[in-house]
Amino acid sequence: MKIRAVAFNTFKEAIRDRVLYLLLFFAAASLIFSRILALLTVGDKTKIIMDAGLASISLFGVLMAILMGTGLVYKEIDKKTVYTLLSKPINRLQFLLGKFFGLMTTLFIMLGVMSLIFIIILLLHSGQITWKFFVSIAFIYLELGLITSVALLFSCFSTPILSSIFSLSFYLIGHLSWGIETLIKKMKPGVTKFLTQVVYTLLPDLENFNFKTEVVHNLPIPPKIFLFSFFYGIIYTFFILVLSMLVFRRRDFI
Amino acid sequence: MGLKLITDQIPREKVPGASIIYIPSGKYLKYASFGYSTLLADLVYIWSIQYFSNTSVPERFQYLTHVYSIISELDPQYLDPYQVGALIAIYDAREFDTAMEILSQGLKKNPEQWIFPWQAGHYAQMILKDYELAKKYYKKAMEIPGAPPITKRLYSNAIYELGDYETAWKNWLEIYKNTDDERVKKIASNHLYRTKAAMDIQKIKHALKKYKDKFGQFPEKLDSLVSQGFLDGIPQDLDGQDYVYDRETGEITTAVIPWKR
Amino acid sequence: MSEAKVLEIKDLHKSFKSGFLGKKIKILKGISLEVKQGEIFGYLGPNGAGKTSTLKCILGLIFPDKGRINIFGFDHLSTKAKQKIGFLPENPYFYDYLTASEFLNFYNQLFQKQKTENIDDLLKLVGIEKSGNTQLRKFSKGMLQRLALAQTLLNDPELVLLDEPLGGLDPIGRKEIRDIILKLKQKGKTVFLSSHILQDIEMICDRVAVLVNGEVINQGRLEDLVSQEILFTEMTVSQINPRELEKFGKTLTQYGNRSLIKIYDPDKVQEILQIIDEKKGKVHSLVPRTQTLEDIFVGMVKQK
């Protein structure tokens with residue numbers, strides 16, 4: 001399958017990229033650092049290891065998604081490798097999807113490695129792993145999918161630096177959704193309020209995918225949230241990919 | 001390089017505690033943490049421990065409530081900080097109200113945690129010797145499922161200390177009946193003994209007073225109280241022993257110490 | 001069968017927006033041409049004429065404002081069309097992190113039918129069989145160019161589109177590539193060759209189109225465009241007094257005891273040879289000069 005061929009190539013590109021390993025190194029370092037932090041706290045030491053661990057996995061996952069995602073299409077256009085590629089019998093949609101799935105495969109493996117390190121550190125510290133941890137990781141992966149698709153979209157028409165800034169802003173605003181909602185309530189009706197409402201509706205609420213608190217305090221997760229967040233994530237990602245396709249379809253490669 | 005050494009040696013005026021002035025309220029901090037609020041709570045907590053143990057900052061306890069409310073906003077279910085905050089408030093800052101504030105915040109966010117009202121009752125009893133308050137908190141703790149049995153005992157003891165002997169007796173009787181544990185039974189029975197003694201002694205002393213008012217002095221024997229009609233009968237302690245009467249002072253005491261029965 | 005139209009472009013227009021104000025610049029102003037089966041077609045023009053843009057339109061890398069392009073009768077964007085073509089871009093660049101074999105394998109998977117056994121043969125054909133497992137970041141420019149040719153031929157295409165294929169190669173490389181192109185013709189393939197180097201075109205093309213400023217100003221068989229008339233003959237001789245040769249033609253230069261003469265009248269050539277023979281002189285070279293493509297080209301460009 002052609003998408004798989006492009007995906008595999010993208011995966012190879014990512015896995016041979018030194019930046020990825022640099023990030024992985026920092027992720028591992030911060031996971032280990034959490035053990036040191038635990039020494040400073042009074043009371044439950046496992047909590048801080050879990051908090052720092054999950055935060056690291058989440059943060060570095062996002063950084064990987066953004067840093068690699070923003071180069072996905074841009075590099076091909078900039079280096080003109082896209083010329084020979086698209087002169088073959090492959091259409092632009094297959095190309096985009098291939099790039100997307102290639103990076104998602106890489107992220108899957110990276111998440112796996114980080115999770116493994118986390119589990120080892122936690123077990124060494126006689127903590128416990130619940131199934132909720134894996135749910136949380138799964139939703140981090142879903143969130144990464146969304147962010148990757150956004151990075152891909154920007155990669156189709158913008159340079160890596162700008163794309164990274166936009167993607168990062170998207171991520172940050174996504175987590176501020178609650179704050180924006182409160183802001184809207186306090187605003188006087190008018191154009192600004194309307195615009196803010198538009199922004200609020202358009203941008204996703206990324207907190208939907210954040211189950212870190214539940215894992216750390218071992219709180220129950222209602223199944224409704226599962227399904228809702230899951231479909232929300234999938235549909236939104238799909239929506240962004242469609243947008244990318246529209247942008248990319250009739251683009252001239254001068 | 002040389003310049004750096006010189007700069008290092010210039011003594012810098014460090015205003016200890018200056019960094020804390022600009023910390024915003026917890027609510028806003030939560031928004032600024034982008035989904036990492038539990039981690040931020042941990043970090044603030046660790047920082048706070050170091051900060052509040054730094055004796056060179058005399059007014060550091062000004063911000064005790066503020067800092068711990070921040071931690072609470074960021075991660076309401078993080079239990080350690082509430083307890084440690086209250087601890088610092090009681091032992092270092094000597095501010096009972098602050099401690100109570102922190103503990104009630106903990107209870108509000110975590111209604112299933114009996115430890116918070118329990119701790120509050122404990123501090124009320126131990127530090128303030130305020131049994132009214134202690135009773136209130138122990139009651140709260142008792143009502144939360146999972147509270148240990150000793151809570152009820154502490155509660156009943158507080159009632160006793162407040163002088164409400166009838167209720168105390170009722171409670172201790174309940175405790176005595178509802179346990180199979182020999183040790184607990186012994187404790188309960190000792191408390192029952194003490195409570196009965198208190199009630200009896202109160203009754204006797206009341207009669208003694210009336211006698212003294214009438215006759216100007218205490219009677220030779222307690223029997224006189226009965227013959228004069230001030231008492232229906234001489235009560236005996238729980239074990240059936242007589243109470244000890246000191247004619248000189250008019251004091252009634254138990255023949256034995258309750259805990260040494 | 002040899003009259004079948006492999007590539008047909010009809011009235012192709014394309015303009016680009018340039019600068020902040022978005023001024024529209026017309027790159028292609030109505031191009032029409034036909035490439036027939038089995039021929040080597042030259043697409044000739046100065047830099048900036050629009051040759052590469054035309055190729056990009058053919059390949060679906062840019063989208064024309066107006067016009068039609070058909071490949072083997074199919075719309076140029078269709079998969080059926082792309083199955084049958086191979087494209088070699090100018091200044092090719094490929095994925096640094098792949099090896100040559102990995103790269104060719106990857107592209108191979110993009111076709112409907114895969115022919116994996118060809119990879120080693122292809123590498124041998126273009127002369128880089130020893131570098132199959134070398135990462136592309138270590139390839140020299142020449143090697144990249146050869147690899148580019150290899151990827152062009154992956155699917156055994158019926159139509160091969162080449163954009164400045166001989167640029168940047170040393171003379172041996174140029175000969176090798178030329179030979180490969182001729183071999184393609186022998187096999188019955190069609191070649192579309194875009195270049196601004198006239199000698200390349202002259203040597204191997206059957207038909208050409210000349211593109212200047214976005215318009216095709218001339219199109220046809222090479223012989224038809226270039227007259228076979230001999231303009232003059234250049235001769236290098238020695239051991240003859242140059243003054244004796246002057247009545248036949250102009251003496252161009254003299255170096256040492258050799259003279260270079262330019263003779264306009266072809267009849268005079270025989271005469272001069274006789275005289276040289278009598279006087280025991282030596283002829284070092286005799287070159288009849290016909291009208292070259294360069295002459296025509298410069299003339300056409302000047303006209304524009």
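This is a predicted model: local features need pLDDT of at least 70, side-chain atom pairs count only at pLDDT 80 or more; totals for chains, interfaces and linings use all residues.
**Exercise 1. Describe how chain C is divided into domains and which elements of domain 1 touch domain 2.**

Step 1. The assignment gives chain C a domain 1 (5–225) and a domain 2 (230–303).

Step 2. Taken over C-alpha atoms, the centres of these two domains of chain C are 40 Å apart.

Step 3. The contact involves nine residues of domain 1 of chain C and seven residues of domain 2 of chain C.

Step 4. On the domain 1 side, two or more residues each come from α7 (198–204), β9 (207–212) and β10 (215–221) of chain C. The largest share, three residues, belongs to α7(C).

Step 5. Sorted by class, this domain 1 side has seven nonpolar residues, one polar and one charged.

**Exercise 2. Work out what chain C contributes to its contact with chain A.**

Step 1. Here 24 residues of chain C meet 20 residues of chain A.

Step 2. The elements of chain C that supply two or more residues to this side are α1 (51–59), α2 (79–83) and α3 (100–108).

Step 3. Helix α2(C) gives the largest share, three residues.

Step 4. The side of chain C that touches chain A has 16 nonpolar, six polar and two charged residues.

**Exercise 3. Do the corresponding analysis for chain B and chain A.**

Step 1. This contact takes 14 residues from chain B and 23 from chain A.

Step 2. On the chain B side, α3 (37–52) and α5 (79–92) of chain B are the elements that give two or more residues.

Step 3. The largest share, six residues, comes from α3(B).

Step 4. By class, the side of chain B that touches chain A has nine nonpolar, three polar and two charged residues.

**Exercise 4. Summarise the make-up of chain B, from elements to domains.**

Step 1. Chain B has twelve helices and two strands.

Step 2. Among contacts in chain B with a separation of 6 or more, 50% join residues 24 or more positions apart.

Step 3. The domain assignment of chain B gives domain 1 (17–110) and domain 2 (163–261). The C-alpha centres of these two domains of chain B are separated by 49 Å.

**Exercise 5. Check the span of helix α7 of chain A against expectation, and explain why the helix counts as largely enclosed.**

Step 1. Helix α7 of chain A covers residues 131–155, which is 25 residues.

Step 2. The expected span is 1.5 Å times one less than the number of residues, and for α7(A) that comes to 36 Å.

Step 3. The end C-alpha atoms of α7(A) are 36 Å apart, which agrees.

Step 4. Because 18 of its 25 residues are buried, α7(A) is largely enclosed by the rest of the structure.

Definitions and conventions:
Residues are numbered from 1 along each chain as its sequence is written. Chains are lettered from A and ligands numbered from 1 in the order in which they are written. Two residues are in contact if their C-beta atoms, placed from the backbone, lie within 7 Å. Helices (H or I, at least four residues) and strands (E, at least two) are DSSP runs, numbered from the N terminus. Ala, Val, Leu, Ile, Met, Phe, Trp, Tyr, Cys and Pro count as nonpolar, Asp, Glu, Lys and Arg as charged, and the others, Gly among them, as polar. Domain bounds come from an automatic or database domain assignment. A residue is buried if 20 or more other C-beta atoms lie within 10 Å of its own, exposed if 12 or fewer, and partly exposed in between; C-beta atoms are placed from the backbone.
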